[in-house]
Amino acid sequence: MNLPILSIIMFSPVVGALIILALPEDRHTDIKATAAVASFISCLGSIYAFFAYDHTLGGIQFEEQMRWIPGLGVSYHVGVDGISLPLVLLTGIIIFSGVLVSWVRDHRPREFFAMLLLLVTGVFGTFVALDLFLLFVCYELAVLPMYLLIGIWGTTRKEYAAMKLTLYLLVGSSLALAGVLVASVASGLGTFDLLELAKVNFGPAFQAAIFLPIFIGFDVLGGLWPLHTWSPDGHVAAPTAVSMLHAGVLMKMGAYAALRVGVFLFPDGARQWLPWIIILTAVNVVYGATVAFAQRDIKYVIGYSSVSHMGYVTMGVATLSQIGLAGATMQMFSHGIMTGIFFAAVGLVYRRTHTRQIPELGGLVRKLPFVAVAFIIAGLSSMGMPGFSGFVAEFQVLMGVWHTYPIIAVISLVGVVVTAAYILRFTYMIFFGPLKEEFQDIPPTSTLEKVALMFMCAFIVGFGVLPQPMLAVIQTGVSELLAAIR
Amino acid sequence: MLGDTTQNLALILWQLSPELILLLTGLIILLVDAIRPHQADQGWSPYAALAGLVVALVACITLLGQPPATVLAVLTLDGLALVAKILALVSVGMVALFSGPYMQEHSRHQGAFYALLIFATLAITLVAGASNLVLIFLAVDFLSITSYILTGYLREDRRSSEAAIKYFLYGAALSAMMLYGMSLLFGLTGATDLHAIAAQLGAGTTEHVTVLLAMLFVMAGLGFKVAAVPFHQWAPDAYEGAPTPVTAFLSLGPKVAGFAVLARFLLFALPQFQVDWTTLLLSLSAMTMTGGNLIAIWQKNIKRLLAYSSIAQAGYLMIGLVAVSGGGLASLLFYLAVYLFANLGAFAVVLAMSRGELGEQIEDYAGLSQRSPGLALAMLLFLLSLAGIPPLAGFVGKVNLFVAAVNEGLIWLVVVGVLNSVISLYYYLQVVRQIYLLPPTSEEPVSIPRPITTTLLIATAGVLVLGIYPSLLLPLIETAVQAFFGG
Amino acid sequence: MGIPILSVITFTPLAGALLLLLIRKDQEELIARLALAVTVVPLILAFVLWANYDQAAGGMQFTEQHEWIPVLNSTYTLGLDGLSLPLIVLTAVLSFLATFYSNFTIKERVKEYFMSLLMLEMGMFGVFLSLDFVLFYVFWEVGLVPMLLLIALWGGPRREYAAIKFFLFTLAGSVGMLLAIIAVYLKTDTFSILEAAAAQPFADNFTYAATAFWAFFIAFAIKLPSFPIHTWLPDAHTEAPVCGSVLLAGVLLKLGAYGLVRIPLSLFPQVFGYYSIVVPILPVLAVISIVYGAMVCMAQWDLKKLIAYSSVSHMGYVLLGICGGAAGIYLGGDKLSSANLALNGAAMQMFTHGITTGGLFFLVGVIYDRAHTRELKAFGGLGTQIPYFYGMMLVTCFASLGLPGLIGFWSEFFVFRGSMGTIPLFAIIGGLGIVFTAGYILWNIVQHMFLGEPKERWAQLSDMEWWEKATLWPLVATMLVFGIYPTPILNLFNTAMESLTHTLLR
């Protein structure tokens, strides 16, 4: 393949960020336009990569490799397979929509968009990295911009949330780093290359010891209960586009890394610990949904809803079955878009009404019908309603879980019902009912905002009604991973 | 014969050229300073110092390819010594560069200041190559004395004098301890040359405890120099009270010297006792990292914060020593280089901020990102590199150290190390928080003198380049160190 | 036949809804007319199907099968048999009439209303025609949201509460069903309903079979609705707009009943039978529904709520009939003919109840439109003032009661006759229900609304408009015609039921 498409996808945002930093502070439109172009290039690239991927051939495609730090055995090695490709696509979609939704941001836009783009480079890098050192660099690269983005442009208790998030995530990733270092050295190969390390047969005791810090360390970012508490506060405090990236993509980064590094490299360790971890995921699903139900701030609702839905992801991974893993990957994609829509919608509402308290809202469908419809679409997907991508994901996860741990499947169904309950309730309370006096004159949805919402909804509905293209890609990735770890 | 002698002399001169150049530079500065009237402008002195340092640096680089050699029976010229010297020269060079405006503002005796700085550097270069107990002691003491004077340089400033006194008292005691330890070794082996000591001990000794004691005392003395826990008590006060350029120097120079000589001492003189000193270093390292980081959390003064941060960084450096068999030495030196850029860069920012008496409290940095975005960004990069966040050099440096540790099976140390990185991030972020999150107290940008800007650019480049492409430096260090182990 | 007629029936409403999406929302008349036109298509096709269904051959006809989600082994399979055909006709007729009626009554948010109506129609058709579990589940769920919207947006004062309650109750049941579907799949390796039925999963393991059975049963029983999980119904019916109630009571409830026969009865006949006669939990529930439902009706003075509870009661007959049939299958031998009879009765009751209750709700709409109250005690003497209405109401009520000569009679008769042969005790107790039904119809409704002294308040009440009559007549006609000559419908049901009982008894 001639075009280094993955590098383009990954570095376009960084280049954009550098250009933005060089622009004068007051050239708002230029700054935003640069951000839009940079993110659009990545988005386009990811869409192209997705449809150009040959799923009959399978395996790693669009591979690039370059020597980097030979002394440590580190190379710049990137590539995508059926599992990482949907996530790359997801990131492209969310960053582009996120930039559009942030268009009206006028407080220090230069740093804002520069940080946003830097963040997304780290995310892209994590998904495509095939070298563990590179994966780490990109993983941690994503954490610091989060701190600044939340700390400077955030709202409720932003400093507390930003610090909590940063420290939590770093503790998790540090543990994983330690584990990875040990593994790399223990392999005796003197390399950090993922594919090389995967061929090594570590002893079962070693695997069992090393799997846990790596998996848990990464899955902190995936919101695994009880190490999820950074997430709701982080979601609430972050500005809209950051929340979209945070819940939509960052959390997937954690789950993905846990899968790619933990399970892929140490399958025996995985087989030993996952039956216990799956219990935690069930708690995620039910607890997250239940707490979401009790919230008054809509962003907290979505935050806890994310905790709940990410539970399905780790649950699917924990089944170590074809269909469970496929469901987990699909859920990563589907939930990513869906929560992107939620946060975008909430952000648009908040911008106009200046409140996120559900009892204070109401009747907004009259003023913001577009937002309402998008919210409802995302809501239906989150309930697992057929016709939307969420159903395809949850159905597969449930099938996978039911086969191996039926009790867990039954417990998680409680989550489904509670989810439906709060989605319905809050959708009604926010968008229907009487419209308050003070909201009579709020501005309607702008064109850019409509484009962002429609763009995301198209994927939820599209892959819900026609899941085949996505499923085909995912299936190849999953079956190869499973074959590799047998 | 004469030809041989001449050739030998030439060789020795060449081998000693960095030291000689430094000596010369120091003397020249002193002389010129003595001759010129006091009221005259003394702005030339930093540049004179810088010139001398650069020439010495060039000399060191020319010596790099040479096989290890012993000079005058007391100095060793090998990869370790040369790299250490280069690091020291670069550090002091940067200090000389950015200290000009500050010293101009605060003192009337700049010439002497730079002369002292050069002499201190000379001491460091001697320490780096010393392979004889006597020379080690002399050179270390030389370094200490010049450091005390530098610390107390601002005689009118009470804090500066107080800092110097504390430093002196503490240093004197630990220095004596080190001397005692050395004398124990001499007593046991009858030798002062490190290799000879090893040979003597290698023949077997029943005085195991004495050796351990000696080792402990020497390490105490050297630990004091690098500000390791529990020999660190002097550091926060000294760092806070000393003039900021001196603080910057203290955070680098003695560390380079201390670690170089500690490595040499342990590896040359006590190779049979590796198990013992490795265990000791293990605990020291863990204590230093954790102690330094934890106390740093409470600091409100930027210089004190950086002091505790330096203490903690010494702990990381020690990991390299603990894991010396697994490639730890190279990673130690690399980390010193990385730390050099980040720490000196941070101090350059502190200098830029501390015009007048303001700017030493962390809250004085509020809103810096809106006043001077470039300065803020630089500080951000330095702090993140110190914390070990990719893609900055600190991350690569730490990974290097951790890999060496894992190679030796020291997994717990690595865990302590990574967790400490997270703790350190907390207090570094407090500064970041001030800079980026809080609104500024004044709207005007910080005026940065040219020399400081240059330093900032060098440091930023170092931190970024070494983070993204460490292969620029790493292989060089590794080859240099290879020879060390061969010899 | 080349044309995939079942798919056309199912997806025409969807196509219509999408078409409506494109029209500007202020073109209300166009929207309403277009929706009506769209519903004509399935209506005609339903009758075409009826005419073309080969009753002698029986079994599934007009089947279509395509690959759908290969990774899940799920296929797009549709099919029609003697059980689903009348229900399809019922759905098409009621949908058409509801759309027609709505043309005249709905003035607010017209576009969303008709889109919801059409989407609902698609969901209902899909459930009746699906022969693949996943497809079945998809359509089942798809039907929930339009009904939710219909109640929540165009309903009465407590509509949000009622709508959400409806949705959550049904959803809770369906998630259990989802698990059971997965369990069956894992056991039989297929998602095809017919193949699964043929495989008789868990036949050897009673516990598993029972668990799966209960999961399915509960899901369908919520929809039926059966006591004790019926509590969503009164609120939903009362608060829903007229046509919402018509379709809810007329068709949606039948989804539950249909599901009971198609799935738990076909897959787990032994378990069904066990719980029908050995540990007769199911008939107990049925009977309580019948009797309790009817008794509560007697205490109701809100007409809509009364009819709602009457639905609980009448659907109890369906459950009783199915239980009777299951018991018969379980017992085997000569009980088979009784089983057949009971099942036929149950199926017939599905059809009957759809027609009669659909009609009742339309009539409620008529009177509420004029009087703006549903309080029975507020009425009186309407028989003289609006005689047309009185006449229609009378016929419909008596049909629902089961008066001989009207359609309701046959279904109730067969249910009792059949159950008598297999679970006589329950049949008798269930019979009590008829007494109470008569009670509330005659006393609460007829006496209070139509007899007695005319009131001042209603002096100006106008009788039925032409379009209201046009809506009701097809239903009333059905009640009359099939009351006298039920054979066409009965035969259809019979073919299905016979083949069912025959296959189940092996």
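Tutor: Let's start with a term: two strands count as paired if DSSP finds at least two bridges between them. Keep in mind that this is a predicted model.

Student: OK, with that in hand, how many bridges join β1(C) to β2(C)?

Tutor: Strand β1 covers residues 61–69 of chain C, and β2(C) runs antiparallel to it. Pairing takes at least two bridges. DSSP gives this pair 6 bridges.

Student: Is β2(C) largely enclosed or largely open to the outside?

Tutor: Being buried takes 20 or more other C-beta atoms within 10 Å of a residue's own. In β2(C), 5 of the 7 residues are buried, so the strand is largely enclosed.

Student: Staying in chain C, which elements do the buried residues of α10(C) pack against?

Tutor: Helix α10 of chain C, residues 232–239, has 8 of its 8 residues buried, so the rest of the structure largely encloses it. Among those buried residues are Trp232(C), Asp235(C), His237(C) and Glu239(C). What they pack against, all in chain C, is α6, α7, α11 (242–267) and α14 (303–331).

Student: Now the chains. Which pair of chains has the most contacts?

Tutor: There are 2 pairs of chains that touch. Chains B and C have no contact, and their closest C-alpha atoms lie 41 Å apart. Chain A does touch chain C, with 22 residues of chain A in contact with 21 residues of chain C. The most contacts, though, are between chains A and B.

Student: Which element gives the largest share of the side of chain A that touches chain B?

Tutor: That contact takes 26 residues from chain A and 28 residues from chain B. On chain A, α5 (132–141), α6 (143–153) and α7 (158–187) each supply at least two residues. By class, this side of chain A has 20 nonpolar, 4 polar and 2 charged residues. The largest share, 13 residues, comes from α7(A).

Student: Then which element gives the largest share of the side of chain C that touches chain A?

Tutor: Here 21 residues of chain C meet 22 residues of chain A. Two or more residues each come from α5 (133–142), α6 (144–154) and α7 (159–188) of chain C. The largest share, 13 residues, belongs to α7(C).

Student: Last one, in chain B: are α4(B) and α5(B) roughly parallel or roughly antiparallel?

Tutor: The axes of α4 (residues 110–129) and α5 (residues 133–151) of chain B come within 8 Å and cross at roughly 155°. Angles over 145 degrees count as roughly antiparallel. The crossing is left-handed, and the contact of α4(B) with α5(B) has 16 nonpolar, 2 polar and no charged residues. With that crossing angle, α4(B) and α5(B) are roughly antiparallel.

How values were computed: Residues are numbered from 1 along each chain as its sequence is written. Chains are lettered from A and ligands numbered from 1 in the order in which they are written. This is a predicted model: local features need pLDDT of at least 70, side-chain atom pairs count only at pLDDT 80 or more; totals for chains, interfaces and linings use all residues. Two residues are in contact if their C-beta atoms, placed from the backbone, lie within 7 Å. Helices (H or I, at least four residues) and strands (E, at least two) are DSSP runs, numbered from the N terminus. Ala, Val, Leu, Ile, Met, Phe, Trp, Tyr, Cys and Pro count as nonpolar, Asp, Glu, Lys and Arg as charged, and the others, Gly among them, as polar. A residue is buried if 20 or more other C-beta atoms lie within 10 Å of its own, exposed if 12 or fewer, and partly exposed in between; C-beta atoms are placed from the backbone. Axes are lines fitted to C-alpha atoms, for helices over the stretch in contact, and angles run from 0 to 180 degrees between N-to-C directions. Angles under 35 degrees count as roughly parallel, over 145 as roughly antiparallel, 65 to 115 as roughly perpendicular and the rest as oblique. A crossing is left-handed if the near helix is turned anticlockwise from the far one by less than a right angle, and right-handed if clockwise.
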